[in-house]
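The following questions and answers examine one protein model. Please consult the sequence and the structure shown below while reading.

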Amino acid sequence: MNHETGTLTVSVIMNCLNCSKYLREAIDSVYAQTYKNWEIIFWDNASTDNSAEIAKSYDEKLRYFRGEKTVPLYAARNLALKQAKGKYIAFLDCDDYWLPQKLERQVEIFESDKNIGLVYSNVEILERSGFRRKKFNKKQPSGRIFRYLLRKYNISLPTTIISKHVLESLRHWFDDSLNFSGDADLFLRIAHDWNVFYLPEVTAIYREHDESFTSTKISYILIENEYILNKLSNIYEGFWKEYETEIKAFRKWAQVSVIISKWKAKRNREARYVAFKNITSSGIFILLYLVSFFSFHVVNRIRLKMKFLLGVV
């Protein structure tokens, strides 16, 4: 495939709000791609640091836009999407970065099957301690995986690439009433109607940091998950009955997310309380109840010997 011919292929959406600390590393990882037919849509959400100066230091392949005022994240993502000219859309937040062959491998998959709406992959998580781990230790599903994603949602935003044609077929893009779950809402709606392909390679590095475990985020997990379920029920007739088993699993993993988030935020007693309330519903809550008596960072040190925890924490 000649990467330099034809129409623009990939628009990389980068949303920024005071992200100067890791910004250059993120942008450089796009410029280092082996696939060259791309543009960066850089949406500056009214930053007050030197993010604008860094972004503007690159060439014309980075198209810089600045909002007049700071708006919610998913509203900013939609504003950036309106500027995209590419056939496909990829997402990279300013504290994450890509491996060099990400776009090349994923565009090849899209070009081989017009029925694919989204491609995702494995991701390596860079924890605050410096510990690095792959998110998945086994191959994830491909195809019509809406049911699977309801049972256990597993898509990481920086690994994804979607078809602009598919995006434009939706009633709306990101839901700007959501604070933390807008990715899941969008990708679930795509997965309901289109094939999804899993690339069993690490294509991105997701940086985990203190802001990942704020009290605000923890409090929104259950609220936003219920919002998504109600929204899906309004879109798809018979949703509650057809996906009854998957909905129970969706709610279970929302509770698991709350427990783990509280545990990572050093709120162990609160984590145990939530685990205890759910302890009769699944064995995972017994495990989480027990391990939350210890510091998350203590457990983290011995994680390689506790492989059964890798897919949870």
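Q: In which loop is the place of F293?
A: This is a predicted model, in which local features need pLDDT of at least 70, side-chain atom pairs count only at pLDDT 80 or more, and totals for chains, interfaces and linings use all residues. Residues are numbered from 1 along each chain as its sequence is written, and side-chain values use heavy atoms, with hydrogens and water left out. Helices (H or I, at least four residues) and strands (E, at least two) are DSSP runs numbered from the N terminus. On this basis, F293 has its place in the loop between α12 (283-291) and α13 (296-301).

Q: Is F293 buried, partly exposed or exposed?
A: Buried means under 20% relative accessible area, exposed means over 50%, and partly exposed lies in between, with a 1.4 Å probe and protein chains only. The relative accessible area of F293 is 48%, so F293 is partly exposed.

Q: Which residues make a nonpolar surface patch of about 300 Å²?
A: Patches are made of residues with over 30% relative accessible area and no salt bridge; like charges are joined within 9 Å, and nonpolar side chains (Val, Leu, Ile, Met, Phe, Trp, Tyr) within 5 Å. A salt bridge is a side-chain nitrogen of Lys or Arg within 4 Å of a carboxyl oxygen of Asp or Glu. The patch is made by F293, F294 and V298.

Q: How many helices and strands does the protein have?
A: The C-alpha trace spans about 60 × 45 × 40 Å along its principal axes. Of the 313 residues, 54% are buried. The protein has 13 helices and nine strands.

Q: Which residues have the most contacts inside the largest nonpolar core?
A: A nonpolar core is a set of buried Ala, Val, Leu, Ile, Met, Phe, Trp, Tyr and Cys residues joined through side-chain atoms within 4.5 Å. The largest such core has 43 residues, and those with the most contacts inside it are F91, L150, F187, I190 and F239.

Q: Which helix gives the largest share of this core?
A: In soluble globular proteins, nonpolar side chains tend to be buried together. Here the largest share of the core is six residues, and they come from helix α7 (residues 182-193).

Q: Which residues does I190 touch?
A: I190 lies in helix α7. With a relative accessible area of 0%, I190 is buried. Contact means heavy atoms within 4.5 Å. Leaving aside residues up to four places away in sequence, I190 touches G117, L118, I162, V166 and L170.

Q: Which residues of α3 are buried?
A: Helix α3 (residues 73-81) is mostly covered, with seven of its nine residues buried. The cover over them includes β1 (10-16), β2 (38-44), β4 (88-91), α6 (164-169) and α7. The buried residues are Y74, A75, A76, R77, N78, A80 and L81.

Q: What is phi of A46?
A: Most residues other than glycine have a negative phi. A46 has its place in the loop between β2 and α2 (51-55), and A46 is buried, with a relative accessible area of 13%. Its phi is positive, near 60°.

Q: Is K266 buried or exposed?
A: K266 has its place in the loop between α10 (244-264) and α11 (268-277). Phi of K266 is also positive, near 65°. The relative accessible area of K266 is 66%, so K266 is exposed.

Methods:
Accessible areas come from the Shrake-Rupley method with a 1.4 Å probe; for residues, only the protein chains shown count as cover.
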